[in-house]
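Me: I am new to this structure and would like to learn how to read it. Please take one feature at a time.

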Amino acid sequence: MSTGRRAWTMALLTAAALTATLGVTPHREAPVLRQDGLTVGLDTGEVRGVRSGGNRVFFGIPYAGPPTGAHRWAAPRPAPPWSGVRDASRPGPLCPQVPSAYADISSLEEDCLVLNVTAPPKDRRGPRPVLVWIHGDGSVGGGEFFGAGGLADRGVVVVTINYRLGIFGGYAQHGLRGSGTFGLQDQQAALRWVQRNAAAFGGDPARVTVAGSSFGASAITGHLTSPGARGLFHRAVLASGEGMMDMPAGMMGPQVPGYPWYVWRPAQEMRDISTEMTASLGCASPDSARTLSCLRALPVKTILKVPHIMNAFQAFGHGNEVLPQLPPLALGTGRFHRVPVLSGATLDEHRTFVGMMYDAVGTPFTTDDYDRALLTAFGDDAPVVAREYPLSDFPTPALAWATVVTDRMWALGTAAQHDALSRHVPLYAYEFADRDAPMYLPLPGDFDFGAFHAGDTPYVFDDAEARQHFTPAQWRLSDTMTDYWAAFARTGAPATAPGVQPWPRYAPGAPVPYTQSLAPDAIGPVDYARGHRLEFWRRLG
């Protein structure tokens, strides 16, 4: 591997380690479940679920066969049928992962391609919309951590999925079909399962919304451009997605180099990362087939002992049969599936990362750090940025730097994605702006995280850890946001009920394209470009 690529690999580990736990609550939801003999027939056999409130819940349903042995790093295969009634009252296994400082969850189980269904009672008037949730992070987590009772109470059948993570989802090798995309392929297999089985739960396979946050939203950007995903979903929700986001030098850490795209890697680079990260496992050989056979024979535990081997693969390979084109290029030229999109970001995206690197862990970000960070990211333009974002305008240097990166990297990428998509499909843009959102990561220091990255997820999905801190106004915001998502799943537009704040489409040619600000007792339009100084950044280039 070249020196530049090796530097990028280590930089990716630094950045990935910060994002690995976002949006994952390290505990299983524990709703009060009543065994009720609920049985549903699927294309592979019958399952028996349980009741939670007025809804039916089915855990751990296989949607694909075990990716073990010769099927490790291969396309997902059909789930084997079973006889009798399969118990679906408990979560299935998580895909292989290692615990982190903020998410004490782990697994060595490769037979993990399962999903969970939360379904309201069947409606005599017709089938209900379906929402498929793709969790974020890419190296840790699982579908079971996202309670869907609120959406199901509003008449939506919700499917949450597990998929292969880290090296198990992103390994690449010359001649290996599907290299760098096995996690994406799992997600598409789950969507095909939904097409075959949604009706069994009262769902409508012709009204499937695919939704995700962070890494999950970026995956959906990939699916929007993937030939294999055509016809598998009919609406998309992108929450804090990085699909058209670049990464200037130093923005994910002082030693992290710049990169053209945050989540997309050319095929050769995915192969180089794979070679680098597996070098210590003793499988390297001039014969690539022998290397692959050796790696497939290794126990999961042995692979996971390699430092950072899961975080290194928080990216997707392109230039293959799953992602033939670089997704940002495909979006920018209109080559993507035509479905309505609900998309947005949080007001203070990058405060999460600055807090986790500096002030919230007892290492204050200083004035000197700010000057060095500006110089690393912007070179000769650093004084121009310093004048636009003077330290005197912010309580701390950390908040100044977080604002610079939120605006330059996150908001500029989000706006580019909105402009590209809205030229061809209905798009509804939002900004989550609750600066008192409960921080669910156990960070020791005192830091104002504001409306942080993935902080909006517990407002739509049931998360007892975060919701125990909700104020009455935050509960009202949660109810409204869940109403919006449910309406979008039903109709392709988020505001279709009487009494709900209107939400016009985003119009890229308008002087101020409509973006809905979502804050407690303060829902309405916001000038997203002005709020994040996008004209300044566009002029700077």
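Reply: Start with the elements: helices (H or I, at least four residues) and strands (E, at least two) are DSSP runs, numbered from the N terminus. In this chain there are 17 helices and 15 strands. The model is predicted, so local features need pLDDT of at least 70 and side-chain atom pairs count only at pLDDT 80 or more, while totals for chains, interfaces and linings use all residues. Residues are numbered from 1 along each chain as its sequence is written, and side-chain values use heavy atoms, with hydrogens and water left out.

Me: How does the radius of gyration of the chain relate to a compact globule?

Reply: The radius of gyration is taken over C-alpha atoms, and the globule rule is 2.2 Å times the number of residues to the power 0.38. For 541 residues the rule gives a value near 24 Å; the chain has 22 Å, which agrees. The C-alpha trace spans about 70 × 65 × 45 Å along its principal axes.

Me: What share of the residues in the chain is buried?

Reply: Buried means under 20% relative accessible area, exposed over 50%, and partly exposed in between (1.4 Å probe, protein chains only). Here buried residues make up 62% of the 541.

Me: What share of the contacts comes from residues 24 or more positions apart?

Reply: A contact means heavy atoms within 4.5 Å. Among contacts with a separation of 6 or more, residues 24 or more positions apart account for 75%.

Me: How is the length of a helix read, taking α13 as the case?

Reply: The expected span is 1.5 Å times one less than the number of residues. Helix α13, residues 397-422, has 26 residues and reaches 36 Å from its first C-alpha to its last, close to the expected 38 Å. Helix α4, residues 182-197, has 16 residues and reaches 22 Å, close to the 22 Å expected.

Me: Where does α13 bend?

Reply: The bend at a residue is the angle between axes fitted to the seven residues ending there and the seven starting there. In α13 the bend is about 35 degrees, at T406.

Me: Are these helices covered or open?

Reply: Helix α13 is mostly covered, with 25 of its 26 residues buried. For α4 the count is 13 of 16, so that helix is largely enclosed by the rest of the structure.

Me: Which strands pair with β3, and in what sense?

Reply: Two strands pair if DSSP finds at least two bridges between them. Strand β2 (residues 45-52) joins β3 through three bridges, and the two run antiparallel. R51 has R56 of β3 as its bridge partner. The hairpin of β2 and β3 has two residues between the strands, and G53 takes a positive phi near 65 degrees. Strand β5 (residues 114-119) also runs antiparallel to β3, with five bridges; V57 is partnered there by T118. Eight of the eight residues of β3 (residues 55-62) are buried, so the strand is largely enclosed by the rest of the structure.

Me: What does a parallel case look like, with β13 as the example?

Reply: Strand β12 (residues 341-346) pairs with β13 in the parallel sense over six bridges, and A345 stands opposite E431. Strand β14 (residues 515-518) is joined to β13 by four bridges, also parallel, with Y430 opposite Q516. On β13, L427, A429 and E431 point one way, Y428, Y430 and F432 the other, and all are buried.
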